[in-house]
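The sequence and model are shown first.

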Amino acid sequence: MSILDQARAHGAPVIEGETAVFVWEGDQPPLLAGDFNGWNLQAPVPMQQAGPRLWLAHVTLPADAYVEYAYFASTRGEDRLSDPLNRRRVWNGVNGFNHTFTMPGGALTPLMRARRGVLRGKVIRHDMPMGLRADAPKRRVLLYQPPVEQPVPLALVWDGPDYYRRGHLTTIVDNLIAQGRMAPLALLMIDNAGRFRPVEYMMNDAPLMWVVERALPEIAPRLNLTYPQAAPGSWGVIGASMGGLMAIYAGLRAPQLFGRVLAQSPAVEYTLAGRPLPIYDLIRLGERAPIRIWQDVGTLEWLLPSNRRLHALLTERGYDVNYREFNAGHNYTAWANSLWRGLEWLFPPAG
């Protein structure tokens, strides 16, 4: 069977050992970019002609990798081309759909799927003014109460609706609680500021103050919570990318509340005037905060080197940090596939 026949029968890319073979039919090859080249359209993966109207690209990948990719008509990145040989695709959250595949040695966790017989927590939408004035613009907030009667700790979730929809967060929590693998946990899932998200999440005290001074007093009566006054640091904070940076910052700034930090691919590679982000100085020069940190990052991400530096600094300063690298890129499917490990470690079941 030819490689084109294999792609038509089983879908593309065709996997040959540790190599993914991308297949394209057409007079001209498209531009191929994805997790494997940092989505760099200025240096796309070259496709070689292998026959009349047949183009191939070979990419070596980890045996268990989860991968997202796309074809493009030009380097502008606005003219995506669908891969007719791969029906698996996922919304990238920004401007289109990515095609996906998993190498033979990997698999996505079944915890992302709702299961029959598993009690589900209740999710409530509660919009509230973002500012201190009652007429300030509304911000979408999702509240999750687990299916238990006793009071439970709370976790603040930056980019909350994305974690809810694309990261399957509440489904994962439901399944972990049902299997006795984590303690029940309530969630405060807050939407971001849209195009102003980079400003909001750049180690900004304003959204953190809004959560503590405005949001928590309003939403607390709607949830059955334990309170950190009795157990300082028992609440958590969750975030990915710039939300992961903001999660670490929240733990450092308010450890008496958010003592359990789950930071996925935190965006700590930025510099200000040629200097590393102040998060490094807060860790290096500040008093060590009494927090536990779960940090994970994909080996196919541009953030990998900076996350390794951050982990080394946290370890040097004596922080209780559990660090993991997974073979995937910078996306919610990859984060959801690793999320359960952090939840189990930070919120173990009692006893």
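The text below takes the pockets, then the helix pair, then the proline.

This is a predicted model, in which local features need pLDDT of at least 70 and side-chain atom pairs count only at pLDDT 80 or more, while totals for chains, interfaces and linings use all residues. Residues are numbered from 1 along each chain as its sequence is written, and side-chain values use heavy atoms, with hydrogens and water left out.

**Pockets**

A pocket is an open set of points on a 1 Å grid over the protein atoms alone, where a 1.4 Å probe fits, with protein on both sides within 12 Å along at least five of seven lines; lining residues have an atom within 4 Å of a point. Volume is the space filled by probe spheres set on the points.

| Pocket | Volume | Lining by class |
|---|---|---|
| Largest | About 830 Å³ | 11 nonpolar, 10 polar, 10 charged residues |

Ala, Val, Leu, Ile, Met, Phe, Trp, Tyr, Cys and Pro count as nonpolar, Asp, Glu, Lys and Arg as charged, and the others, Gly among them, as polar. The largest pocket is lined by 31 residues, of which N92, G93, V94, R166 and H330 are the closest to its centre. Two or more lining residues come from each of β6 (66-72), β8 (89-91), α2 (160-165) and α9 (332-346), with α9 giving the most, three residues. Helices (H or I, at least four residues) and strands (E, at least two) are DSSP runs, numbered from the N terminus.

The second largest pocket has 19 lining residues, and D64, A107, R324, F326 and N337 are the closest to its centre. Here β21 (320-326) and α9 each supply at least two residues, and α9 has the largest share, six residues.

**Helices α6 and α7**

The axes of α6 (residues 242-253) and α7 (residues 278-285) come within 11 Å and cross at roughly 35°; axes are lines fitted to C-alpha atoms over the stretch in contact, and angles run from 0 to 180 degrees between N-to-C directions. L245, I248, Y249 and L252 of α6 are in contact (heavy atoms within 4.5 Å) with I279, L282 and I283 of α7. This contact has seven nonpolar, no polar and no charged residues.

**P137**

P137 sits in the loop between β11 (128-129) and β12 (138-139). Beyond neighbours within four places in sequence, P137 contacts M128, P129 and M130. The C-alpha atoms of P137 and D127, 10 residues apart along the chain, are separated by 9.7 Å.
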